[in-house]
Amino acid sequence: QCTAVALEGDEDGRRALLARFTGLGRTQQAHTLILLEDAAVLKQHAQLLNMASLGKLSASIAHEVRNPLAAISNAAQLLEEEETTSEESRRLTSIILRHSDRVNHLVNEILALGKQREFHPRSFSLGPWLHQFVSDFVTTREIRPDQVRCLVSGDFQLLFDQDQLHQVLWNLCDNALMHGHEPGEDAVIDIHGGFDEGSARQVIEVADRGPGIRPAHVAEVFEPFFTTTTSGSGLGLYVCRELCESNRGSLEYLPREGGGSLFRILLPRAAMEQVA
């Protein structure tokens, strides 16, 4: 007989474990074999299996959608090029093309979501990496340097796939730049890397000064395809959370005191070591 019991971690930094008890005999004096497994590793393996299954499903759906979508787009382009087409017909054709592009973009995102990802975690110092990220983001998005403020408390190493951490932070900063400000005001993004007393974890936080997420939507914010805008696909935050969990971290949303949103990346405990 085998019994599994989950032993949850607590705030002092201990890991969550899954204990399995297997009797080695049928008598009362028989020994019991106890197997302890890291729940984070099991969760990571389950995540990879889910992504693989999603990849097969999304590829099948995408194939069925892309072929008729391409035919619709080609037909609309031919109509648009006709010299006898009226202005009203051109307007309607442009609507078809615009929404066809949007559906095609969504299909591409679904395919990327289900694609088997390779993970290449390596140890690096957060401070220099984070400051370089901010410099690249400011330059690429052509915003003022004072619109992204970066603070790193202490110096520590972390083990994470740098490309995937870059993707997560870029998406969070893009969201803050787009939605994290009141009408008529420029967005201001605060990025902080350091130690969080509440979770006893090293964290990276991305905060803005916008209206925040409505309480009714907080539980759904990381669900796939959930969006409150007409232009978004609703996959960005879902992918960010998946990437964090695949690297044995996590991503959470918190309302910001004084208004705004705060997204917190909790970095993996076992992957970090303080720099002397």
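Let me start with strand β10, where Ser 261, Phe 263 and Ile 265 point one way while Leu 262, Arg 264 and Leu 266 point the other way, and all of them are buried, buried meaning under 20% relative accessible area with a 1.4 Å probe and protein chains only, against over 50% for exposed and partly exposed in between. Please keep in mind that this is a predicted model, in which local features need pLDDT of at least 70 and side-chain atom pairs count only at pLDDT 80 or more, whereas totals for chains, interfaces and linings use all residues. Residues are numbered from 1 along each chain as its sequence is written, and side-chain values use heavy atoms, with hydrogens and water left out.

The strand covers residues 261-266 and is mostly covered, six of its six residues being buried; helices (H or I, at least four residues) and strands (E, at least two) are DSSP runs, numbered from the N terminus.

Now to the partners of β10. Strand β8, residues 201-207, pairs with β10 in the antiparallel sense over five bridges, where pairing requires that DSSP finds at least two bridges between the strands, and Glu 205 stands opposite Arg 264 in β10. Strand β9, residues 250-255, also runs antiparallel to β10 and is joined to it by six bridges, with Pro 255 opposite Ser 261. The hairpin of β9 and β10 has five residues between the strands, and in it Gly 258 takes a positive phi near 90°.

Let me turn to Gly 210, which lies in the loop between β8 and α5 (236-246). Is Gly 210 buried or exposed? Gly 210 is buried, with a relative accessible area of 4%. Leaving aside neighbours within four places in sequence, Gly 210 is in contact, that is, with heavy atoms within 4.5 Å, with His 179, Gly 180, His 181, Glu 182, Gly 259 and Gly 260.

The helices come next. Helix α3 (residues 126-141) and helix α4 (residues 162-179) pack at an angle of about 50°, with their axes 11 Å apart, and are therefore oblique to each other, a label for angles that are not under 35 degrees (roughly parallel), over 145 (roughly antiparallel) or 65 to 115 (roughly perpendicular). Among the residues that make the contact are Trp 129 and Phe 133 of α3 and Leu 169 and Trp 170 of α4.

Finally, for the protein as a whole, there are five helices and eleven strands, and buried residues make up 36% of the 276 residues.

How values were computed. Axes are lines fitted to C-alpha atoms, for helices over the stretch in contact, and angles run from 0 to 180 degrees between N-to-C directions.
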